[in-house]
Amino acid sequence: MMSELVLSIRDLRVTFDTPLGPLEAVRGVDIDVHAGEMMGVVGESGSGKSVTFLAAMGLLPHRAKITGSVLLNGQEMIGAPNKVLRNMRGGLMSMIFQDPLSALNPVHRVGDQIVEMLQAHQSQLSDKDAAKRAVELLDIVGIPQAAERAHQYPHEFSGGMRQRVVIAIAIANNPKVLIADEPTTALDVTVQAQILEVIERVQKTFGTAVVLITHDLGVIARVADRVNVMYAGRNVEKGGVDSLFDHPSHPYTRGLLASLPHEGAERLTPITGFPPNMLMPPPGCGFAPRCSFANDGCLTSLPALRSFGDLETACLRAEQIVIDGARP
Amino acid sequence: MTDFATISPKRMALRRFLSHKAAVGSCVLLALMVLAVILSPFTARYGVNQSVRKPPNTFLPPQKLAWFGTDDIGRDLYSRLIYGIRVSLIIGLFSALISTIVGCVVGAVAGFRGGRFDDVVMRVTDLFLAFPFLVALLVIRNTIGSIHWLTVIIGDKSSARFIVFLLAFFGWMGVARIVRGQVLALKEREFIEAARAVGATRRYIVRRHLLPNSIGPIMVALSFAVVGAITAESTLAFFGYGPQAGDGATSLGILVGAAKGAVQTGYWWIAVFPCFALVLISLAINFIGDALRDATDPRLDRGE
Amino acid sequence: MLRFALRRMVWALPTLLLVTFLVYIALRLGTDPLQSYLRTNPRASRDKIEQYKAVNGLSSNYVLGYFHWLKNFVTFNWPRSIKGSREVWPELKDALVNTIRLGSLATFLGVVIGLLVGMFAALKPGSRRDVAVNTGAFLGISIPPYITAVLFQLVFSVYWSRWFGHTLFPTSGVYPAGHTGFDLVLMLKHMALPTMVVAIQVVAVYSRYMRSSLLDVLNSDFMRTARSKGISERQILFRHGVRNALIPVVTIAALDIGAIIGGLIISENIFAYPGMGVYFLSAFGTGDFPLLMPWMVLVVASTLIFNLIADVSYAFLDPRIRLD
C-alpha cells in the first residue's frame with residue numbers, strides 16, 4: 001500500500017552557535033516521505049520545521065552543526081561531497097519558499113531563471129529547447145500567455161503569479177521531492193487556494209512527493225495525505241490526515257485543533273503559554289510546561305515517538321488521557 | 001518557565017555601539033581632545049602667536065622647551081596645534097550642525113511630499129554632488145564672498161564664520177539625501193498609515209513619527225558631515241584659502257598646509273604632528289560614524 | 001528603455017545651458033573679470049576695454065552678456081587670456097590630455113582593484129581578511145589625499161634618493177624639464193606617484209561600496225533560491241551575487257568618471273603635474289575669466305554627460321527602475 005520511500009530523515013539534529021550559546025533548533029527528528037504523497041509538516045515558528053528541511057537540502061550556513069541521516073533515494077546527504085549535494089538540489093529535490101518576490105532575482109527575466117534551473121541539471125538541453133521547455137512549464141503552472149510572459153521580469157507579476165513561477169522553477173527537472181516552506185503564507189486567501197491547487201496538480205501529474213510545511217491547519221486539512229506535527233525541535237505526532245484530525249493523541253495537536261475557530265463557539269481557545277527558549281530547552285517533553293495533562297514524569301523525561309493506534313505519538317500519557325476522557 | 005528580559009531598542013543600539021572597540025576608543029580619544037581644547041588656557045604652554053624665547057627660536061626640533069618643535073617664526077607648535085584644533089573642531093561642528101538641520105528639513109519634506117519638489121531637489125543635489133568638489137568649493141567661495149550684503153551677514157570670506165556657512169552650504173545636500181531615503185522607506189510602513197487614518201496632519205507625522213525614527217541615520221549623517229567639514233576646511237587651508245584672522249590665529253588646516261614646504265626642508269615635525277592630528281581626528285569620527293550606522297541599522301553579516 | 005534614455009537626453013542640453021549660465025554668473029561675481037583685466041593692463045585704452053568686454057560677453061545685463069559669450073564660444077571665437085594674452089585652446093587641450101591620461105589610469109586601476117578587494121572581503125564577513133580590508137579602506141578614506149601625496153613625495157623624492165642614490169619615481173611634471181617627444185616609460189614613471197595617490201583613495205572607496213553592496217545581495221532571499229537550484233558556486237557568485245551587487249557601484253563609478261577632469265586638483269598641484277587642476281588653480285588665482293570659462297564648460301559637460309550615462313546604465317542594469 002505504501003509506495004517506496006524517497007526521503008528518509010533519521011535522528012536529525014541541528015545546532016547553531018550563537019553569541020548567547022548553542023541553540024538546538026532540531027533535536028532528533030524522524031520523517032519519512034513516500035513517493036507521490038503529500039506530507040504536511042505542522043508546527044509554530046521556532047518548532048524547527050523549516051530548519052529540518054533546509055538542513056536536508058544543505059542550505060544552512062556552514063557554522064550550523066548537523067548530525068543524523070538524510071537519505072534521498074537511498075543516498076546519504078549529510079556530509080556528502082558538494083558535487084553530490086549540487087546534483088541533488090534542483091534535480092532530485094527542490095524547495096520553494098515563503099516570499100515569492102524576494103525569492104526571484106529581480107534583474108533576470110523569468111524565463112531565463114527557469115532555463116538556468118533546466119540547464120543546471122539537463123546540460124544536454126540546447127538554449128532553444130530549454131527556452132521552449134520553460135514556456136511549457138509556465139503554462140503548466142497556469143500562467144496565461146506564457147510565451148510573452150517568459151520575457152518579463154519578476155516585478156511585473158502579481159504575488160500569486162510569482163509563486164507560480166517559483167513552482168515552475170522548482171519542478172523544472174521533475175524532482176522526486178518538492179519541499180514547500182509556507183508557500184501560501186505571504187499571499188491573499190483567495191490566491192492561497194489557487195496555489196494549493198497548482199501544487200496538487202503538479203503532484204498528481206508528475207508523481208512528485210510534496211512536503212508542505214505550514215502552521216495553517218486549514219491548508220493541511222485540504223490537501224495533505226499524512227501529517228507530521230513538530231514542536232520544540234522534535235516530532236510529537238505523526239499519522240494520516242483523517243486520523244489525526246479525528247482523534248489526535250498528543251495534547252499539542254489537540255490544542256491546535258481546538259484553537260481553530262468553529263461553529264457554535266463564541267470565543268477562541270488558544271494554547272496558553274509560550275514556546276520554549278531553544279537556548280535552554282526543557283529537559284523533558286518540550287510541551288510539558290504548557291500542557292494541562294502533564295505530570296512530573298513529563299517534565300523530566302524526553303519522550304520518543306511510539307505507536308498509538310493508527311498514529312505515532314510522543315506523549316507519555318496518551319493512553320491515560322484517553323482513559324480520563326480527555327479531561328485534565 | 002522561561003522569561004525573556006525585554007531591552008528597549010535604544011538600549012540594544014547602545015550595546016551594539018559599545019561592542020565596537022574602535023569606536024569606543026575613538027569616543028574616549030575625542031573626549032580627551034575636546035577637553036584639552038576647551039581647557040586650552042591651561043593645556044597650551046604658550047600663546048598662539050607667542051615666540052618660545054628670544055632668537056634663535058625658529059625651526060627648533062622637538063625638545064623640552066617646545067614639545068613639538070617651533071615653526072618658521074619661533075612659535076610653539078604644540079600650543080598652536082591645540083588652538084588650531086579648537087578652531088577646526090568648532091568650524092566642523094557648527095557647519096555640520098547647520099547642514100544637518102537644513103538637510104533634515106529639506107530631506108524630510110522632499111521624501112514625504114514627493115512629486116515635483118522631490119524631483120527638483122533630487123536632480124539639483126545629484127548634479128551638485130557629481131561636480132568636482134574642490135572646484136565648486138573655490139568658485140562658490142569667491143562668488144558668495146563677493147556678494148556684499150551676504151558677507152555682512154556671514155562674515156568676510158577669510159573669516160571662520162564664512163567658512164562655517166560655506167561648508168554648510170555644501171554639506172546639507174548629503175544629509176538631505178540620507179534623510180529623504182529614510183523617509184521614503186518609512187512612509188509606506190503601517191504605523192504611518194495608522195497615524196494618517198487617525199487624522200494626523202502631515203506636519204505632525206513628520207515631527208512625531210518620521211524624524212524620531214530617523215535618528216539613527218541622522219546621527220550617522222551628522223558624524224560624516226563633521227568629518228567632511230573638517231577635511232574640507234583643511235583642504236581649503238592647504239591652498240591658502242583657510243580662515244585667516246591676522247593675529248596669528250591658526251586652524252588645523254593651516255598647520256597641515258605648512259607641511260607642504262616642510263617636505264623639502266627636512267623639518268619633519270612641522271608636517272608630522274599636524275597631519276597626525278588630522279588623520280587621528282578623521283579616523284576617530286569615521287569609526288564613530290560607522291559604529292553608529294551599525295548600531296542603528298544592524299546587519300547580520302559580521303560573521304554571526 | 002530607449003524612451004527612458006531619450007527623455008533624459010532631451011533634458012541634457014537645457015541643463016547644460018542653465019548650468020553654464022550659473023557658472024558664468026558665479027565667475028563674473030567671483031573673479032571680477034573687468035578688474036582682473038584692468039589690473040594686468042592698467043593703461044588699456046577705452047577701445048581695448050570695450051573690445052575685451054564684448055568678446056567675453058561682459059555687458060552689464062547678465063543674461064545678454066551670457067548669450068554674447070555663448071555666441072563667441074560656439075563659433076570658436078574664444079578671447080585670449082588676460083595674463084599674457086595667450087591662446088586658450090592649446091593650453092587647455094594639453095591640460096585635458098594630461099589629466100585624462102592620469103585620471104583614467106588611476107580610476108581604472110582603483111576601481112578594478114577596489115571591486116576585487118571588496119568582493120574578497122564580502123565573501124568571508126567578519127574574518128581576519130575582512131577586518132584587514134575594512135581597516136585599510138578606513139585608513140584610505142580618513143587620510144586626505146594631500147597628506148598621502150606629501151608623504152609619497154617625502155619618501156620617494158627626499159629619502160629614496162638619500163638612501164639609494166637615485167630617483168625611483170620623479171615627483172613633478174610629465175617629463176623631465178626640457179624633454180621633447182613621446183616616451184612611454186618616462187611618462188609612466190612621472191605618472192606613477194600621482195596615480196598611486198589617487199588610486200589609493202579610489203580603492204578605499206570602491207572596496208567599501210562593493211563589500212557593502214555584495215553583502216546586501218548575499219543575504220538576500222534570491223541567493224537562497226539560486227543555491228537551491230544546485231548550480232555551481234561560481235555561477236551563484238557571479239551571475240547572481242556580483243551581477244546584482246554591481247548595480248549601484250556602476251552608477252557611482254559613472255559619476256566619478258565624470259568628475260575626473262576637474263577632480264585631480266590636489267594631486268596635480270603637489271606633483272606639479274600640468275593637467276586641468278593646475279590650469280584651474282593658476283587661472284583662478286589670477287582671476288583669468290577667458291581661461292576659466294572654457295575650462296568650466298568642459299567640466300560641466302563632462303559631469304552632465306556622465307550623469308546621464310549613470311542614469312541610463314542604472315536603468316539598463318536594473319529593470320525595476322525603468323519607469324516609462
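Colleague: In chain B, what share of contacts between residues at least 6 apart in sequence join residues at least 24 apart?
Modeller: That share is 69%, where a contact means two C-beta atoms, placed from the backbone, within 7 Å. This is a predicted model, in which local features need pLDDT of at least 70 and side-chain atom pairs count only at pLDDT 80 or more, while totals for chains, interfaces and linings use all residues. Residues are numbered from 1 along each chain as its sequence is written, and chains are lettered from A and ligands numbered from 1 in the order in which they are written.
Colleague: How many helices and strands does chain B have?
Modeller: Chain B has 14 helices and zero strands; these are DSSP runs, H or I of at least four residues for helices and E of at least two for strands, numbered from the N terminus.
Colleague: What does the C-alpha trace of chain B span along its principal axes?
Modeller: About 75 × 60 × 30 Å.
Colleague: Where is B:Ser19 found?
Modeller: In the loop between helix H1 (9–18) and helix H2 (21–38) of chain B.
Colleague: Why does B:Ser19 count as partly exposed?
Modeller: Because B:Ser19 has 14 C-beta neighbours inside 10 Å; 20 or more others within 10 Å would be buried, 12 or fewer exposed, and partly exposed lies in between, with C-beta atoms placed from the backbone.
Colleague: Changing topic, how many residues do chain C and chain A put into their contact?
Modeller: Chain C gives 18 residues and chain A gives 24.
Colleague: Which element gives the most on the side of chain C?
Modeller: H9(C), with six residues.
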